[in-house]
Amino acid sequence: MESLELPQMDPRVLKATSVKAEDPAASSPEPHALKITAASSNPKMFTLPWEKPLATWPEDLLANLPRGISRHVVRFVHVGDEVYAMKEITRNVAEREYELLRRLQKLELPTVQPIAVVTGRHSREGEPLEAILVTKHLKFSLPYRALFARNLRPDTAERMIDALAVLMVRLHLAGFYWGDVSLSNVLFLRDAYAFSAFLVDAETGDLQINLTEGQREYDVDLARTNIIGELMDLSSGSLLPSGVDEIAIGNRLVDRYHSLWSALTDTDKFGPDEMWKIEKRVNKLNELGFDVDELEMKTAGR
Ligand SMILES: Nc1ncnc2c1ncn2[C@@H]1O[C@H](COP(=O)(O)OP(=O)(O)O)[C@@H](O)[C@H]1O
Ligand SMILES: [Mg+2]
């Protein structure tokens, strides 16, 4: 288990804000009995059939909502008045992702909300089962395939990419290296004029003090490659509006990301008598089509 995480570790992280270094659970033994780790308790969680593989949970517990492509078994489950997303994964990965999501939520970043990690699962016959990461189902969110299945506006792809660029810049400004950016790992919320994007899969991510340009560029480059592939896949299923150029959309992500990043981080400093510089920057962001309300503007430091 330990060795699974090592290749992803940046050596500096051990000295910095590594989840692994701070997480005492990472080296704790597998619990023998069912263990639900959560920030707040919900007694209904104990009534769920944890002794069954998630893929075999009874239909009447499940919520039939649009779900993206995933490597693992993921199900939406009614728990009282809430709907939770459950993902069956190894214990180390579940604990790591839970902790990362908690830290991202504390930084008020747009991600799904972690609810619990369930470990020590066993079948009736005593066979060990994988852990489950529980997050709150993000209401009204759509995975990208569902978005295209419902939305015939020709600029859907552009609006989606713009939202993803905002999400990536926000995560990178906070020091989050994603490592697995793709449309499948994002959820979209739609309002009248724009989409907003939420991170859903933090499994490969790492929260650091500062990202290097190389790390940011790796995320951007992988996003581009994955987006082009995912759009081509939509296109072969006739889900993409005709005339959409997959490669141009992939390149748009790179352009939007860089424009936004430099509009926010270019190093002209603001003096107290230079408020016009802030105004200029806000105007530049507006010209780029970004909603400045979405971003926290800092007047000092950058
Ligand atoms: N909290 C959530 N709210 C809404 N949808 C979710 C949530 N968690 C997961 N999903 C859906 O399940 C899919 C797979 O989840 P993900 O964490 O990416 O799994 P995997 O690690 O197997 O790729 C996502 O694309 C998303 O559509
Ligand atoms: Mg995923």
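Two strands are said to pair if DSSP finds at least two bridges between them. Strands, in turn, are DSSP runs of E of at least two residues, and helices are runs of H or I of at least four, both numbered from the N terminus.

Colleagues, this is a predicted model, in which local features need pLDDT of at least 70 and side-chain atom pairs pLDDT 80 or more, while totals for chains, interfaces and linings use all residues. Residues are numbered from 1 along each chain as written, chains are lettered from A and ligands numbered from 1 in written order, and side-chain values use heavy atoms, without hydrogens and water.

I begin with the sheet. Val 74 has Lys 87, in strand 3, as its bridge partner. Strand 2 and strand 3 (residues 82–89) are antiparallel, with six bridges. The open sheet has five strands, ordered 1-4-5-3-2, with antiparallel pairing.

I turn to the metal. Asn 185 (OD1) and Asp 201 (OD) coordinate the magnesium ion, ligand 2, at 2.1 to 2.2 Å; donors are N, O and S atoms within 2.8 Å of the metal (3.2 Å for Na, K and Ca), and because water is not among the atoms, sites may look incomplete. Asn 185 lies in the loop between strand 6 (176–177) and strand 7 (186–190), and Asp 201 in that between strand 8 (195–199) and strand 9 (206–207), so the pair ties together parts 16 residues apart in sequence. Asn 185 is buried at 6% relative accessible area, and Asp 201 is buried at 9%; buried means under 20%, exposed over 50% and partly exposed in between, with a 1.4 Å probe and protein chains only.
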